[in-house]
Amino acid sequence: MRPLPDIIQVGETAFSRIDSPAGVSCWSFQGTDTTVSLVIEPSDTPSSEAINIAADVVDGFEYFTHAAIQFLCEQLRAPEYGLSDAELELLGGQRPPFESPEAVIWADGTWMLRFAGSSLALADEFGIGVNFIGNTPQSVETLSGSEPIADALP
């Protein structure tokens, strides 16, 4: 296998390689209000499709954050999520309970916008995410049962 680059250029944005578990390669960009990561499994350089999605996500981060919040506020009203009356009220408030957005793009070009911070019980310690295909929100991802990536590192 050829060595992986330390920097992946995505348009004008440089993604830096970060530590990752065996078999996975990761690059990340962190701006003032923007965090975007490329996660490639099995370990390899990102495909042109993943790089193109990353460019779109970086350029439209504010738009995607707003779209994900709106999607969550609509979807989480369904009974299957079991939100309390107080939590449902938060969804309709001036400031919905979702903070610290981070995007993760996978090798196949699918991606998730994860909100690391939320006062909703179902967001537990890992937050809550919205899975996207292209520019379209597809599903809610509750991250209960997830493990931090640091625990997976050798």
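Trainee: How much accessible surface does the protein chain have, and what share of that surface belongs to carbon and sulfur atoms?

Mentor: The accessible surface comes to about 8,600 Å², and 48% of this belongs to carbon and sulfur atoms. Such areas come from the Shrake-Rupley method with a 1.4 Å probe, and for residues only the protein chains shown count as cover. Please note that this is a predicted model, in which local features need pLDDT of at least 70 and side-chain atom pairs count only at pLDDT 80 or more, while totals for chains, interfaces and linings use all residues. Residues are numbered from 1 along each chain as its sequence is written, and side-chain values use heavy atoms, with hydrogens and water left out.

Trainee: What makes the radius of gyration of the protein chain agree with that of a compact globule?

Mentor: The radius is taken over C-alpha atoms, and the globule rule is 2.2 Å times the number of residues to the power 0.38. For 154 residues the rule gives a value near 15 Å, and the protein chain has 16 Å, so the two agree. Along the principal axes, the C-alpha atoms fill a box of roughly 55 × 35 × 25 Å.

Trainee: How many helices and strands are there, and in which order do they follow one another?

Mentor: There are four helices and eight strands. The pattern along the sequence is β-β-β-β-α-α-α-β-β-β-β-α. Helices (H or I, at least four residues) and strands (E, at least two) are DSSP runs, numbered from the N terminus.

Trainee: Why is Cys-26 called buried?

Mentor: A residue is buried under 20% relative accessible area, exposed over 50%, and partly exposed in between (1.4 Å probe, protein chains only). Cys-26 has 4%, and therefore counts as buried. Cys-73 has 11%, so Cys-73 is buried as well. Buried residues make up 41% of the 154 residues in the protein chain.

Trainee: How many disulfides does the structure hold?

Mentor: A search of the whole structure finds zero. A disulfide is a covalent bond between the sulfur atoms of two cysteines. The search asks for a pair of cysteine sulfur atoms within 2.5 Å.

Trainee: Why is Ser-37 buried rather than exposed, and which residues does Ser-37 contact?

Mentor: Ser-37 has 14% relative accessibility, so Ser-37 counts as buried. Ser-37 lies in strand β4. Contact means heavy atoms within 4.5 Å. Neighbours within four places in sequence aside, the contacts of Ser-37 include Phe-15, Trp-27 and Val-104.

Trainee: Why is Thr-13 called buried?

Mentor: Its relative accessible area is 13%, so Thr-13 is buried. Thr-13 belongs to strand β2 (residues 13-18). Not counting residues up to four places away, Thr-13 touches Ile-8, Phe-29 and Val-58.

Trainee: Why is Ile-51 called partly exposed?

Mentor: Its relative accessibility is 22%, and therefore Ile-51 counts as partly exposed. Ile-51 has its place in helix α1, where Asp-59 is also found. With neighbours within four places left aside, Ile-51 is in contact with Ile-8, Gln-9, Val-10 and Pro-46. Ile-51 and Trp-106 are 55 residues apart in sequence, yet 9.8 Å apart from C-alpha to C-alpha.

Trainee: What makes Asp-59 exposed?

Mentor: Asp-59 has 72% relative accessibility, so Asp-59 counts as exposed.

Trainee: Why is Leu-88 called partly exposed?

Mentor: Leu-88 has 23% relative accessibility, and therefore counts as partly exposed. Leu-88 sits in helix α3 (residues 85-91). Leu-88 touches Leu-76, Arg-77 and Leu-83, residues up to four places away not being counted.

Trainee: What sets the backbone of Ser-100 apart, and why is Ser-100 called partly exposed?

Mentor: Phi of Ser-100 is near 55°, a positive value in a residue other than glycine. Ser-100 lies in strand β5 (residues 99-106). Its relative accessible area is 42%, so Ser-100 is partly exposed.

Trainee: How do you know that the peptide bond from Glu-41 to Pro-42 is cis?

Mentor: Its omega is near 0°. Pro-42 lies in the loop between β4 (35-40) and α1 (48-59).
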